[in-house]
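Subject: Structure handover

Hi,

Here is the structure you asked for. My notes on it follow below.

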Amino acid sequence: MPPLKRRQLTPEQAADRLMAMCAAAEHCSFEMMEKMRRWQIPPADAMRILERLQSLRYVDDDRFARSFVSDKVRFERRGRLYLRRALAMKRIPASIVATVLAEIPEELYADNLRATLTAKIRSNPSLMETFESRTKLFRYLVQRGYEPALAAAALRTAAQSASER
């Protein structure tokens with residue numbers, strides 16, 4: 001049996017679907033273009049649709065970046081390096097990325113780093129006992145997107161407070 005043939009969307013149908021998607025959640029222009037590419041919308045029509053979505057403020061890369069960063073920092077406690085990579089993969093302009101990352105409150109960022117480290121240590125207290133295990137903790141923090149210097153400083157502070165107990 002031959003595979004089912006999908007019905008081709010018209011540009012108007014694609015625009016309507018994208019508007020509905022954007023009304024429900026934040027999306028960036030790259031995601032919209034990828035969606036239209038998968039739907040096999042001709043590139044010229046896709047550009048027209050994207051411009052229309054942007055002019056109607058359904059799609060706004062700056063607003064998307066702010067929302068993305070806010071959610072990842074507050075709920076997942078991610079670091080700046082992770083956020084920069086993730087936004088670059090979404091093709092958000094570097095100027096927007098720099099502005100949005102600079103708006104992360106330093107106190108919140110430091111609290112998130114400490115909370116991430118504390119939670120990991122609490123889940124396995126033996127992680128502070130040897131150099132190798134502390135190295136694993138360091139790598140974990142860097143994988144979460146924290147800067148190596150900040151991760152190392154947080155580990156030193158945690159080690160000092162652990163030795164004082």
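**A loop residue to start with**

Arg77 sits in the loop between H4 and H5. Helices here are DSSP runs (H or I, at least four residues), and strands are runs of E of at least two, numbered from the N terminus. Arg77 has a phi near 50°, a positive value in a residue other than glycine. Its relative accessibility is 30%, so Arg77 counts as partly exposed. The cut-offs are under 20% relative accessible area for buried, over 50% for exposed, and partly exposed in between (1.4 Å probe, protein chains only).

Before you read on, note that this is a predicted model: local features need pLDDT of at least 70, side-chain atom pairs count only at pLDDT 80 or more, and totals for chains, interfaces and linings use all residues. Residues are numbered from 1 along each chain as its sequence is written, and side-chain values use heavy atoms, with hydrogens and water left out.

**Another positive phi**

Gln40 also has a positive phi, near 60°, and is a residue other than glycine. It is found in the loop between helix H2 (29–38) and helix H3 (43–55). Gln40 counts as exposed because its relative accessibility is 56%.

Gln40 is in contact with Gln8. Contact means heavy atoms within 4.5 Å. Leaving aside neighbours within four places in sequence, Gln8 also contacts Gln13, Trp39 and Ile41. Gln8 lies in the segment before helix H1 (11–24). At 42% relative accessibility, Gln8 is partly exposed. Gln8 and Phe75 are 67 residues apart in sequence, and their C-alpha atoms are 39 Å apart.

**Nonpolar cores**

In soluble globular proteins, nonpolar side chains tend to be buried together. A nonpolar core here is a set of buried Ala, Val, Leu, Ile, Met, Phe, Trp, Tyr and Cys residues joined through side-chain atoms within 4.5 Å. The largest one has 28 residues. Those with the most contacts inside it are Val69, Leu83, Leu87, Ile92, Ile104, Leu117 and Leu137. Helix H4 (61–75), helix H5 (80–89), helix H6 (94–102), H7, helix H8 (131–143) and H9 each give two or more residues to this core. H4 gives the largest share, 5 residues. Apart from this core lies another, of 15 residues, including Cys22, Met32, Ile49 and Leu50.

What does Leu87 touch? Not counting residues up to four places away in sequence, Leu87 touches Phe64, Ala65, Phe68, Val69, Ile92 and Val97.

Val69 also gives a distance to check. Glu103 and Val69 are 34 residues apart in sequence, with 9.6 Å between their C-alpha atoms. Glu103 lies in the loop between H6 and H7. It is partly exposed, with a relative accessible area of 45%.

**The largest pocket**

The largest pocket has a volume of about 450 Å³. The search used a 1 Å grid over the protein atoms alone: a pocket is an open set of points where a 1.4 Å probe fits, with protein on both sides within 12 Å along at least five of seven lines, and lining residues have an atom within 4 Å of a point. The volume is the space filled by probe spheres set on the points.

The lining has 19 residues. The closest to the pocket centre are Arg114, Leu117, Thr118, Ala154 and Ala158. Helix H7 (106–123) and helix H9 (148–164) each supply at least two lining residues. H7 gives the most, with 9. The lining divides into 12 nonpolar, 3 polar and 4 charged residues. Ala, Val, Leu, Ile, Met, Phe, Trp, Tyr, Cys and Pro count as nonpolar, Asp, Glu, Lys and Arg as charged, and the others, Gly among them, as polar.

**Aromatic pairs and helix H8**

The structure holds 2 aromatic pairs. One of them, Tyr109 with Tyr146, is tilted: 5.3 Å centre to centre, 55° between the planes. Tyr109 lies in helix H7 and Tyr146 in the loop between H8 and H9, so the pair ties together parts that are 37 residues apart in sequence. Rings of Phe, Tyr and Trp (its six-membered ring) pair if their centres lie within 6.5 Å; planes under 30 degrees apart are stacked, over 60 edge-to-face, and the rest tilted. Both Tyr109 and Tyr146 are buried.

Ser133 is found in helix H8. At 10% relative accessibility, Ser133 counts as buried.

Best wishes
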